[in-house]
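Subject: The structure I promised

Hi,

Here is the structure for you to look through. Please open it beside this email and follow along.

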Amino acid sequence: MKKKLLLVFSFILLVNYVFAQTATTGVIKSSNGAPVPHATVLIRGTKISTTADQDGKFSIDSKQDLPFYLRVSSIGYKSQDFQILKFQEAPFELTLIESELLDEIVVTSRRRSEVLQDVPIAITVIGGQAAENAGAFNVNRLKELVPSVQLYASNARNTTLNIRGLGSTFGLTNDGIDPGVGFYVDGVYQARPAATSTDFLDIDQIEILRGPQGTLFGKNTTAGAFNISTTKPSQTPSAKVELSAGNYNFIQAKTSVTGGIAKNLAARLSISGTQRDGTIWNTREERKYSGQNNLGFKGQLYFTPSDKLQVLLSGDASIQHPAGYPLVIAGVTSTERSAYRQYAKIISDLGYQQPKIDPFSREINTNTPWRHNQSIGGLSVNLDYKLGNGTLTSTTAWRFWNWDPTNDRDFSELSALTKSQGTSRHDQYSQELRYAGNIAEKVSGVIGLFILGQNLKGLEQTEEVGKDQWRFVQTANTGAQALYSTPGLLDGYGIKTNSSIKSLSTAIFAQADWEFLPKLHILPGLRFTYDKKDVDYDRVTYGGLQTADAALLALKTAVYSNQQFKTSTDNNNLSGNLTLSYRPSPKLNAYGTFSTAYKPVGVNVGGLPTTATGEADLSLAIVKPEYVQHYELGVKTKPFKGALVNISAFNTDIKDYQTNVQSPQLGVNRGYLANAEKVNVKGLEVDATYQVKRFLTLNAALAYLDGKYVKFTNAPLPLEETGHTELVNGVATQVAFKDASGGRLPGISKWNVSGGTEFSTPGNLSSLLGRYFIAADASYRSGYSSNPTPSGVLNVEGYSLLNARLGFKSDKFSIFAWSRNITNTHYYEQLQAAAGNSGLYAGVLGDPRTYGLTLRYSL
């Protein structure tokens, strides 16, 4: 009995002791030691929470088994987890780091963590939350925030992503060209421009590097790079959900959940869905186009067996089945062809009326459905191992892209160029091995090896014409040309193309940062690259009038013909850069850079122009590589507390600039690649941000860009000059090319300006403590050419956009109303000539005014 009483007594004492220790007390401070009032303290994995008082002090009833985590958060600070290993009588001191310390933004652009202002590269950094708040749920929206970024897309495949006006060919995409802007997500290079159309998932930070970066990144990047990092899984359980709704029946939902699933193993699963009605009405089909229908998944496993090794396994997939992205008729111009071949005369002879030129009515009447379905995704494994004074990183990845489109390329109710389907399948495999860290006391650097293999297939790609096409190709109604009106001659006549590009790119790269004198750094870098491409192209005609008449067959062949060729090409390149950086104080970093860069050899797989004998012009099958020389001067400054001002000036020369040109021949209606002898882009960029404590943030950016063809003697004629004749040996001869030297490059606005502000004030929403805020951002782009050769017609006028949002945000809950393009500005993103260059041209419309409401909640 005594033993039992002793046990009961001991148990009572133990219970009393444990319950006496269940109250955990502490004080929350900022990095400068000041108390953080009204912060939220939560015991992770439970609903137990409390709020700190005005002096940052808190007490929470923590009836938990040790160890457990306290999650501490406050608006304006980074949420942090603090592990409680044992109870103590003295209050815990918990320090939060301000999330908006502008001069402490950390970047990984040089493959190691560094403070942004210390990096001698022109970089813009956008936090994932900031991007979402501004409505930038994909890369296309970022161009309104970063003036040096230009992104133009008539659909996901035909995407031009440029930085400072350079990077990709402008207009219809040719798969045989490599992008000059690197696009990386968690260190994985994504080769197809369609990746920019997918919705962001769990974005932590977006770094936009300007200028050549080939000595730092896996793939050579002649114009810059997007370095996107996502949020890693955490052992601490958490979840968040976001729901947005707006006009045009816009609905977007995002959710993410993370937590530990075993010792040293955490997982994260994220899902995103976007739905929106179209903004363009097809009067013939009575349906809407240019809508959104996206679904994205991302899963991650994060294994951390020791403090030296981290392994991240990622898988993602994005499926997009939008309601198509049609172009609207923007105008008709006269060409220099005969009166018989002008657009108005052609459609009159066919019995049609002149099309309605009212693009911003957002109505079309095409007779072929538009479809732009795609799926894109992949798997990757990233290993980081701390070795010596640095980190050894291995990134292994496979990615895929499936593209299934249908387009009406006469942009009208006519049955002319009725079908254009560039169905594609792309697989890429990449391996990067890299070591980055400190080599000596005053020397750091990175050295790496990169291998990329790609297999891009065109699968039964179709071009087909209809019953009205004969009149577009007929040059006269006499002689053999009169036979084009033979009933059924071209009805359903087309081509099916199967092609493949197998490419291999390998590289060794290295860059060092040596402080050879106090405050003075020299940064040399080198890159050796080898590229190889094998092309197999097979195009076969089908349909139309089945006849043995040689004259009729000749007319059909003049429209479409069989074309087959195989070719292989390879080349290598040694490039590099040299940067001097002077950092006399934490408030100033001045740098100068000279670099050379290179974009690989290109190949044409969109059909080649034919010679006078009707054979493929194989001299155009291979497109020479681009060679870049780049000079840049820049300063990064902190002129006074809370302010950052960064300025850069640059000059870029490119030899053998790769450009996409339009051909009047239907067999190459996607255009083909060619080289301009030399181009130049120079400019000035200014980025400034000012933060007044936690209640006011101001930012502004300006980019002046001047891009022109220094020498382009064999440029294709612009639309309005099609049919131009010149005297050659006293004979009027029709020419297909002109000297465009001195003309401006397409897609480059001379002036690009953006700015924004956010004002917030503390407040309560019911029992929630947080901040009310109002924010706005505006952007302006001056006019730009929308044609490879400067044109008097295909020019986009300058435009301004204004966006705003208003709401309440706390650590766990946010609600705000938003509107984009508040003034409902009418603007084009792109103009392009219809196939055949008969005088008709069409445009890609920018979005109209949109508005809605967003709610966010986190656990």
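Below is what I found in it, topic by topic.

**Confidence**

Keep in mind that this is a predicted model. The average pLDDT of the protein is 87, and 92% of the residues reach at least 70. Where pLDDT is low, the predicted coordinates should not be read in detail.

**Salt bridges**

Side chains of opposite charge can pair when their charged atoms come close. The count here is 33 salt bridges.

- Lys-240 and Asp-202 form a salt bridge, with their closest N and O atoms 3.9 Å apart. Lys-240 sits in strand 17 and Asp-202 in the loop between strand 14 and strand 15, so the pair ties together parts that are 38 residues apart in sequence. Lys-240 is partly exposed, at 36% relative accessible area. Asp-202 is buried, at 8%.
- Asp-656 and Lys-624 form another salt bridge, and here the closest N and O atoms are 3.6 Å apart. Asp-656 is in strand 38 and Lys-624 is in the loop between strand 36 and strand 37, so this pair ties together parts 32 residues apart in sequence. Asp-656 counts as buried at 10%. Lys-624 is partly exposed at 46%.
- Asp-706 and Lys-682 meet in a salt bridge through their side chains, at 3.6 Å from N to O. Asp-706 belongs to strand 40 and Lys-682 to strand 39, and the two are 24 residues apart. Asp-706 is buried, with 12% relative accessible area. Lys-682 is partly exposed, with 33%.

There is also a network of salt bridges. It links Arg-164, Arg-210, Glu-632, Glu-685 and Asp-687.

**Ser-148**

Which residues does Ser-148 touch, beyond those up to four places away in sequence? They are Asn-162, Ile-163, Arg-164, Arg-210, Glu-685 and Ala-703. Arg-164, Arg-210 and Glu-685 also belong to the salt-bridge network. The side chains of Ser-148 and Glu-685 are joined by a polar contact of 2.5 Å. Ser-148 lies in the loop between helix 3 and strand 11. Its relative accessible area is 3%, under the 20% limit, so Ser-148 is buried.

Is Glu-207 buried or exposed? Glu-207 counts as buried, because its relative accessibility is 2%. The side chain of Glu-207 makes a polar contact of 3.2 Å with the side chain of Gln-205. The C-alpha atoms of Glu-207 and Leu-116 are separated by 9.9 Å, although the two residues are 91 apart along the chain.

Now go to the loop between strand 14 and strand 15, where you will find Gln-190. Gln-190 is buried too, at 10% relative accessibility. Leaving aside neighbours within four places in sequence, Gln-190 is in contact with Phe-183, Val-185, Ala-195, Arg-399 and Gln-428.

**Phe-303 and Asn-264**

Phe-303 is in strand 22, residues 292-303. Phe-303 is partly exposed, at 35%. Its contacts beyond four places in sequence are Asn-264, Leu-265, Leu-309, Gln-310 and Val-311. Phe-303 and Leu-383 are 80 residues apart in sequence, with 9.5 Å between their C-alpha atoms.

Asn-264 is partly exposed, at 27%.

Lys-519 has a positive phi as well, near 75 degrees. Lys-519 is in the loop between strand 31 and strand 32. It is partly exposed, with 42% relative accessible area.

**A nonpolar patch**

Last, look at the surface. Tyr-385, Leu-387, Leu-392, Leu-433, Leu-449, Ile-451, Leu-504 and Ile-508 form a nonpolar patch there. Together they have about 640 Å² of accessible area. Which strands each supply at least two residues of the patch? They are strand 26, strand 30 and strand 31. Take Leu-449 as one of the patch residues. Leu-449 lies in strand 30, and it is partly exposed at 37%.

Best wishes

Conventions
Residues numbered from 1 in each chain as written. Heavy atoms only, no water. Buried < 20%, exposed > 50% of the residue type's maximum accessible area, 1.4 Å probe, protein only. Polar contact = N/O pair within 3.5 Å; in protein donor to acceptor, adjacent residues only side chain to side chain. Patch = residues over 30% accessible without salt bridge, like charges linked within 9 Å, V, L, I, M, F, W, Y side chains within 5 Å. Areas by Shrake-Rupley, 256 points an atom, 1.4 Å probe, with all protein chains shown as cover. Salt bridge = Lys/Arg side-chain N within 4 Å of Asp/Glu carboxyl O. Helix = DSSP H or I, 4+ residues; strand = E, 2+ residues; numbered from the N terminus. pLDDT = per-residue confidence, 0-100. Contact = heavy atoms within 4.5 Å.
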